[in-house]
Amino acid sequence: MKKWIWLLSVLMFLSACGQGANAPLSNGEGDEELEDSNWLFSVETDQLSNELVVKLAVTNNQEEASSIDFSSGQKYELVLLDENGSEVYRYSEGKMFTMALVHETFEPNDSKEFEERINIEDLPKGTYTLEAQFILAAIDGETWTEDGTFQKQVTVEIQ
C-alpha cells in the first residue's frame, strides 16, 4: 500500500512540473517604455560575440508598495523570430519550472531586473524580432488580465 501512495505522490509531482514551452506570448505594442502609469517594463538587448544578452526590468512606478504574483517559477517568456516570422528560439523550450506561486513585493520606485543570454552562434546575420513578456498571475492579489503592459517587441540586428 505504501508503494502505491509513494508512486501516486511522485506521479502527481511530475505532472505539476510541466514544461512552459507552450506558454502564451502575445505581440507587444512596440518599444514604448511606459504603457501603464503604475508600472514600467523595459527590454534591452546587446550582442556580445555569439550571445544576445537580453535584460528585462520591471519597476513599480507608484508611491506605495505593490506586489506581483507569478503562477510558476517561469517569470518571463522570450521568443526570437526571424524575418519570416518563424520561431528560432524560445526561452522555455525544453525547460521545466516549479508550479508554485511566486510572490514578489516592490517598494515604491523599486525595480527588479532579469538577464538572459541567447546563443546566436548558429543564426544567420539579419534582422530578428524579440518578443518579451512577463507571465503574471496577479498584481496586489487581483487576477491579472493581459493588456500589453508587460509585453514588448524589439527589433534585433544579428551581425
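Colleague: Which ring does Lys112 lie over?
Modeller: Lys112 lies over the face of Phe106, at 5.1 Å from the ring centre. Keep in mind that this is a predicted model.

Colleague: Is Lys112 buried or partly exposed?
Modeller: Partly exposed, because its relative accessible area is 21% and buried means under 20%. Glu104 has 15% relative accessibility, so Glu104 counts as buried.

Colleague: Which residues are linked with them in a network?
Modeller: Lys75, Glu104, Asp110 and Lys112 are linked in a network of salt bridges.

Colleague: How many salt bridges does the structure hold?
Modeller: The structure holds 7. One of them joins Glu51 and Arg117. Their closest N and O atoms are 2.9 Å apart.

Colleague: What about Arg90? Which residue does Arg90 form a salt bridge with?
Modeller: Glu87. The closest N and O atoms are 3.1 Å apart. Arg90 is buried, with a relative accessible area of 15%. Glu87 is partly exposed, at 41%.

Colleague: Back to Glu104. Which residue stands opposite Glu104 in β7?
Modeller: Ile68. Strand β4, residues 66-70, pairs with β7 in the antiparallel sense over 5 bridges.

Colleague: What sheet are those strands in, and in what order?
Modeller: An open sheet of 4 strands, in the order β7-β4-β10-β11. The pairing is antiparallel. The edge strands are β7 (102-106) and β11 (142-143), and each pairs on one side only.

Colleague: What does Ile68 touch?
Modeller: Leaving out residues up to four places away in sequence, its contacts include Trp39, Val58, Glu104, Phe106 and Phe150. Ile68 also belongs to the largest nonpolar core, which has 30 residues. Along with Leu56, Leu78, Phe134 and Phe150, Ile68 touches the most other members.

Colleague: Which elements give two or more residues to that core?
Modeller: β2 (39-48), β3, β4, β5 (76-81), β8, β9 and β12 (151-158).

Colleague: Pick something in β9 (residues 126-134) for me.
Modeller: Leu130 lies there. Leu130 is buried, with a relative accessible area of 0%. Neighbours within four places in sequence aside, its contacts include Val43, Val54, Leu78, Ile118 and Val156.

Colleague: How far apart are the C-alpha atoms of Leu130 and Arg90?
Modeller: 9.8 Å, although the two residues are 40 apart along the chain.

Colleague: New topic: rings. How many aromatic pairs does the structure hold?
Modeller: The structure holds 12.

Colleague: Are Trp144 and Phe150 buried or exposed?
Modeller: Both are buried.

Notes:
Residues numbered from 1 in each chain as written. Predicted model: local features only at pLDDT ≥ 70, side-chain atom pairs only at ≥ 80, totals over all residues. Heavy atoms only, no water. Buried < 20%, exposed > 50% of the residue type's maximum accessible area, 1.4 Å probe, protein only. Contact = heavy atoms within 4.5 Å. Salt bridge = Lys/Arg side-chain N within 4 Å of Asp/Glu carboxyl O. Pairing = 2+ DSSP bridges. Core = buried A, V, L, I, M, F, W, Y, C linked by side-chain atoms within 4.5 Å. Phe/Tyr/Trp six-rings, centres within 6.5 Å; stacked < 30°, edge-to-face > 60°. Lys NZ or Arg CZ within 6 Å of the ring centre and 35° of its normal.
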